[in-house]
Amino acid sequence: MTEGPAAPIPSYLAMLNPEQREAVFHTGRPGDGENPDSRHPLLILAGAGSGKTRVITTKIAWLIREKGVDPRSILAVTFTNKAAREMAERARLIDERAGDAMLRTFHSFGAWFLRRNGSLAGLDSAFVIYDDDDTVALLATLLEDTPKAEIKQIAHGIARAKDYFLSPGDPGLDLIDHRKQFRRIYARYEERLAQIGNVDFGDLIKKPVEILRSQPDVARRFRDRFRVIMVDEYQDANIAQFELLKELCGPETYVCVVGDDDQSIYRFRGAEVRNILEFPDRFPGADIIRLERNYRSTVPILRAASSVVDHNESRLGKELRSERGQGKTPVLAFLPDQDEEANFCARLIESSVKGNGQSGKGGGGKSSSSVKPGAAGQSNAGQAAAFSDWAILYRTNAQSLGFETEFLRRGIPYRVVGSLKFYEREEIKDALALLSFLVNPRDEIAFRRVVNKPARGVGPATVDHITAASDGGDLGVAAKGLLPELSAKARAGVGTFLKMIEEGRALLSDQDGGKESKQQPRKPKNREELRAGEGLSVLVVKLVKDSGIADYHQMNDEISGNQRLNNLQELANAASLYAPNMDGLLEFLEHIELDRSLEDDTNKDKTKDNAVTLITFHNTKGLEFRRVIMTGIEQGIFPREDKQDEELEEERRLFYVGATRAMDELYLTSCAMRRVFGRTMPEEPSLFLREIDKSVLRIIGNVPYGFGSGSGSGGLTGGVRFGKGRDEGGSGKDGGWRRGDRLYHDDHGYGAVVEVRDSEEGPVVRVQFETGKELRFLSLHQGSRFTKIGRDD
DNA sequence: TAATCGATCTTTTTT
DNA sequence: AGATCGATTA
């Protein structure tokens with residue numbers, strides 16, 4: 001199965017270990033009696049830190065260089081843009097020609113496919129991609145008076161349905177959402193989306209599959225072109241993506257997928273571990289190569305990580321071996337609460353960085369931490385760390401706040417990965433909606449978003465009027481036709497809006513110089529390559545200015561108005577890399593939609609190279625850090641409370657992913673108390689801490705009673721248990737408030753009841769606060785915001 | 001009809 | 001604690 005190169009081994013291959021080499025040299029050549037043109041598929045099970053990316057990139061280069069494979073016939077798909085970029089870069093370093101191979105994310109490949117072949121499914125090539133918010137907005141127009149939460153649920157259902165390659169008519173839909181109306185809404189949504197002429201995220205995968213299935217000639221063309229298909233992070237593929245892979249593969253296609261079943265963490269997004277577990281069944285004749293040498297982490301770190309994931313049932317099984325020796329023992333710290341947790345992390349980091357010329361800035365304020373990082377025995381005698389060596393990992397984005405506050409206070413540089421996203425900002429979405437409407441005049445969602453922003457006197461009634469008149473067609477045309485019927489105010493507003501849009505479109509076609517101008521749409525390469533004021537940014541700047549969006553946001557937001565302006569400027573800068581014509585605009589919008597890694601401006605100044613990384617467990621996939629702190633390892637937080645069975649297994653894998661990011665040092669923190677939704681709750685150590693191999697841990701802090709005593713179950717009741725809370729204020733269900741009652745309100749402080757009277761909704765209580773404020777409350781029985789103190793009389 | 005204040009809900013994780 | 005909803009009010 002393996003065939004080595006004939007002569008001396010080139011240097012780019014010499015650095016590979018035997019398994020990696022086997023994986024690179026595998027070409028799936030058929031045996032005797034098999035179709036000589038067929039290829040055995042390959043599944044590379046690549047453990048964390050086993051040099052997976054090196055194998056893929058080397059393989060691509062090797063195929064081109066030694067096997068004479070045409071680079072253009074190679075397709076490699078990843079899940080993130082970052083991975084795609086990295087892969088392209090590294091493959092090109094080995095062989096320049098690898099730059100001609102197609103390296104894309106699944107979604108970007110789908111978009112590329114649809115721009116060229118979408119017409120076969122009735123899709124105009126000038127579509128815009130709707131994100132989740134747009135999907136919700138579209139559903140909202142379909143479902144008036146439906147609570148937002150429910151709409152979101154339906155949107156989620158539709159997204160999942162597409163992940164599983166299910167259409168409104170599919171019986172399997174019941175597994176997603178069994179309510180009868182669901183498939184009806186899904187069907188209407190599809191209809192409306194088709195009418196508008198845009199696609200959502202799921203369509204980028206689902207539609208290509210449909211086209212490939214219904215158009216044999218297209219399928220043939222693609223199978224002809226792509227002779228080699230590689231998939232990275234295959235454990236994250238969903239059913240639709242699996243189907244797409246299947247459709248792209250002819251009998252002669254060489255398929256190679258790389259993944260790690262232990263790192264499958266996107267089930268909630270439709271990822272199916274089954275895809276990788278069953279790969280040998282779905283792709284008969286598949287060979288499997290395991291990469292089990294880990295070059296990243298020390299022995300105890302790997303041991304700690306594996307000991308947890310070993311508790312999973314459904315695994316292909318794999319034994320990671322460290323090539324890095326013993327190193328420092330991972331530390332598990334039990335801490336009183338999340339403030340102390342942040343404090344602990346800060347001091348740990350500061351003490352490691354000291355002597356490195358970086359300011360430690362002595363941590364004023366509370367110094368009475370019960371757990372001193374130094375006590376961990378991690379004297380950083382010789383080697384000082386850099387801030388950038390450190391990463392703080394947490395389960396939910398919300399947990400970053402405490403660390404940010406503490407780091408800010410102490411002057412520890414940090415950057416938050418992936419929480420506030422640039423493209424999710426209101427002003428950016430507004431600007432993008434304007435641009436989208438230029439491209440697609442049928443885009444009701446974009447139209448609704450910006451037609452009256454800033455307020456132009458175009459109210460909901462007018463907007464509904466226009467959309468109704470458009471009958472799914474060009475909204476601009478419809479609006480124009482309706483102008484005479486509108487009130488003077490609305491007419492003026494709509495007129496202004498239309499004029500602006502027309503000018504924008506004119507700008508695009510002006511620059512176009514007709515269709516025949518074959519100006520190469522510029523690829524975003526180097527941000528500095530073009531300056532703002534060039535390319536598409538002219539259009540963005542003009543629209544943002546003319547629309548009044550810039551002023552609107554600057555006025556409306558006194559605190560961060562300028563920040564918003566900066567963000568808009570940043571958007572314009574990004575646009576400068578694209579050609580100032582319709583194609584360039586489409587490309588720009590697609591780029592924005594699919595690669596949302598553009599950083600928020602607020603991160604910019606902190607992004608100095610030397611900063612601590614604050615990041616969710618999910619976001620760390622594919623990254624590595626010298627020193628990692630996994631925080632909030634508490635039952636209910638991680639794993640989340642509602643996780644069972646397969647989902648619990650996925651949480652375990654997430655733990656595994658997090659722990660295996662660490663190269664040299666690993667710390668785990670678990671708090672006895674934590675503020676959740678603003679209330680302080682007692683916490684228990686995570687189940688995973690019970691599962692972890694204690695022989696590779698150093699435990700510090702106040703160990704919860706019974707923890708680690710090995711005395712079987714029941715040993716995990718850490719922390720003090722509080723009852724349901726204090727007395728419910730007063731007697732009776734409605735609180736039993738009377739005139740003269742004194743109370744404390746969380747927001748307003750002390751006050752007294754001056755009047756109680758009945759209404760249809762229940763008793764209305766009027767309270768005079770010490771601040772002088774007098775407020776009326778419909779009911780005071782909620783308990784949490786009010787505390788009854790006593791009575792005056 | 002916008003603004004304001006109280007009530008209620010929120011926390012997964014993301015291409 | 002913070003965002004968002006939604007009802008009441010000027």
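Predicted model: local features only at pLDDT ≥ 70, side-chain atom pairs only at ≥ 80, totals over all residues.
Residues are numbered from 1 along each chain as its sequence is written, and chains are lettered from A and ligands numbered from 1 in the order in which they are written. Local features need pLDDT of at least 70, side-chain atom pairs count only at pLDDT 80 or more, and totals for chains, interfaces and linings use all residues, while side-chain values use heavy atoms, with hydrogens and water left out.

Helices (H or I, at least four residues) and strands (E, at least two) are DSSP runs, numbered from the N terminus. Two strands pair if DSSP finds at least two bridges between them. One open sheet holds 7 strands. Their order is E13-E14-E12-E15-E16-E11-E19, and the pairing is parallel. Strand E13 (414-416) and strand E19 (698-701) form the edges, each pairing on one side only. From one strand to the next, the twist averages 20°. Angles run from 0 to 180 degrees between N-to-C directions, and axes are lines fitted to C-alpha atoms, for helices over the stretch in contact. Within this sheet, strand E11 (residues 331-335) runs parallel to strand E16 (residues 662-671), and 5 bridges join them. Val331 stands opposite Tyr667 in E16.

A second open sheet has 6 strands, in the order E3-E2-E6-E7-E1-E8. Here too the pairing is parallel. The edge strands are E3 (102-105) and E8 (287-291), and each pairs on one side only. The twist averages 15° from one strand to the next. Strands E6 (residues 228-231) and E7 (residues 254-259) run parallel and are joined by 4 bridges. Met230 stands opposite Cys256 in E7. Helix H11 (residues 239-248) packs on the sheet and touches strand E2 (74-78), E6 and E7. Contact means heavy atoms within 4.5 Å. The direction of H11 makes about 165° with that of E6.

Helix H7 (residues 148-163) and helix H8 (residues 180-196) have axes that come within 10 Å and cross at roughly 75°. H7 and H8 are therefore roughly perpendicular to each other (angles of 65 to 115 degrees; under 35 counts as roughly parallel, over 145 as roughly antiparallel and the rest as oblique). H7 contributes Glu150, Ile154, Gly157, Ile158, Ala161 and Lys162 to the contact. H8 contributes Gln181, Phe182, Ile185, Tyr186, Tyr189, Glu190 and Leu193. By class, this contact has 8 nonpolar, 2 polar and 3 charged residues. Ala, Val, Leu, Ile, Met, Phe, Trp, Tyr, Cys and Pro count as nonpolar, Asp, Glu, Lys and Arg as charged, and the others, Gly among them, as polar.

DNA strand B is surrounded by 22 residues, of which the closest are Phe79, Arg395, Asn619, Lys643 and Leu775. A residue is near a strand if one of its heavy atoms lies within 4 Å of it. Of the atoms of DNA strand B that come within 4 Å of the protein, sugar and phosphate account for 46%. The residues near DNA strand B divide into 7 nonpolar, 9 polar and 6 charged. Polar contacts are pairs of N or O atoms within 3.5 Å; within protein, one must be able to donate a hydrogen and the other to accept it, and residues adjacent in sequence count only if both atoms are side-chain atoms. A polar side-chain atom of His107 lies 3.5 Å from a base oxygen of DNA strand B. For Arg269, such an atom is 3.3 Å from a sugar or linking oxygen.

Lys148, Phe677, Gly678 and Arg776 surround DNA strand C.
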